Amino acid sequence: MPEEAVSNETQKVTRREFLSYAWIASMALFMTGSGGATLAFAYPQFKAGEFGGEFLMGNGDDYEIGARVLSREGRFFLVRTSEEFRALYQVCTHLGCLVREADDGYSCPCHGSFFAPDGTLLRAPAPRDLDEFAVTITEDGEIIVDTGSITKGETRSA
Ligand code: FES
């Protein structure tokens, strides 16, 4: 059986090959970094108590029926009706001004739209009810408003 000749020579990398490897490695690093940045941008993380995240609003027993409480940081009114809690987004559905609490609902200072205490549109030019954030009540009765989960208000005909 013939023995194969084993070369003890080490293979030298040419300058051109070295530059090719360096370029490929730098591109791989760049792609990894930019991919990570893209993912971080696509899936932003919000902290509790920060708009876009969850707000802990205390225990439901602390609110009387008919209560309306403004969360400035969350930009919503927490409303207790006889059946449920609702979190109404403070932004007017017309052109985005912040609505203000009035005796019998919410008024928009920009163009005069008016909404009922439950967010129902009563006066145009806004096209629909106030939008709402998701509200969760824990087993202990604690209220959590998720400002990252919004439902559009119902469109009303003029
Ligand atoms: S922005 Fe509220 S009525 Fe126009």
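How many bridges join E2 to E3, and in which sense do the two strands run? There are 4 bridges, and the strands run antiparallel.

A caution before we go on. This is a predicted model.

Now the overview. The chain has 1 helix and 10 strands. Read from the N terminus, the order is α-β-β-β-β-β-β-β-β-β-β.

Helix H1 covers residues 15-42, which is 28 residues. From first C-alpha to last, H1 reaches 40 Å. That is close to the 40 Å expected at 1.5 Å a residue. How many of the 28 residues in H1 are buried? The count is 0, and H1 is hardly covered. A general point about such helices: an α-helix has 3.6 residues a turn, so residues three or four places apart point the same way.

Next, the sheet that holds E2 and E3. Here 6 strands form an open sheet, in the order E1-E10-E9-E4-E3-E2. The pairing is antiparallel. At the edges are E1 and strand E2, residues 68-71, and each pairs on one side only. Neighbouring strands are turned by 25 degrees against each other on average, direction ignored.

Let's walk across part of that sheet. Strand E4, residues 85-89, pairs with strand E9, residues 132-137, over 2 bridges. The sense is antiparallel. Ala 87 stands opposite Phe 133 in E9. On we go to strand E10, residues 142-151. E9 and E10 pair over 6 bridges, again in the antiparallel sense. Look at Ala 134: the bridge partner of that residue in E10 is Asp 146. Between E9 and E10 the hairpin has 4 residues. Gly 141 in this hairpin takes a positive phi near 90 degrees.

Now the core. The largest nonpolar core has 21 residues. Which of them touch the most other members? They are Phe 76, Leu 78, Ala 87, Leu 88, Phe 133 and Val 145. Strands E1, E3, E4, E9 and E10 each supply at least two residues of this core. The largest share comes from E3, with 4 residues.

Take Leu 88 from that list. Leave aside its neighbours within four places in sequence. Leu 88 is then in contact with Phe 76, Phe 77, Val 79, Gly 119, Leu 130 and Glu 132.

Strand E7, residues 114-115, is joined to E8 by 2 bridges. Phe 114 has Arg 123 as its bridge partner in E8.

Last stop: Val 99, in the loop between E4 and E5. Is Val 99 buried or exposed? Val 99 is buried, because 25 other C-beta atoms lie within 10 Å, and the cut-off for buried is 20 or more. Beyond neighbours within four places in sequence, its contacts are Gln 90, Cys 92, Tyr 106, Ser 107, Cys 108 and Phe 115. Phe 77 is 22 residues away from Val 99 along the chain, and their C-alpha atoms are separated by 10.0 Å.

Two figures for the chain to finish. Buried residues make up 21% of the 158 residues. Among contacts between residues at least 6 apart in sequence, 44% join residues at least 24 apart.

Definitions and conventions. Residues are numbered from 1 along each chain as its sequence is written. This is a predicted model: local features need pLDDT of at least 70, side-chain atom pairs count only at pLDDT 80 or more; totals for chains, interfaces and linings use all residues. Two strands pair if DSSP finds at least two bridges between them. The expected span of a helix is 1.5 Å times one less than its number of residues. A residue is buried if 20 or more other C-beta atoms lie within 10 Å of its own, exposed if 12 or fewer, and partly exposed in between; C-beta atoms are placed from the backbone. A nonpolar core is a set of buried Ala, Val, Leu, Ile, Met, Phe, Trp, Tyr and Cys residues joined through C-beta atoms within 7 Å. Two residues are in contact if their C-beta atoms, placed from the backbone, lie within 7 Å. Axes are lines fitted to C-alpha atoms, for helices over the stretch in contact, and angles run from 0 to 180 degrees between N-to-C directions.
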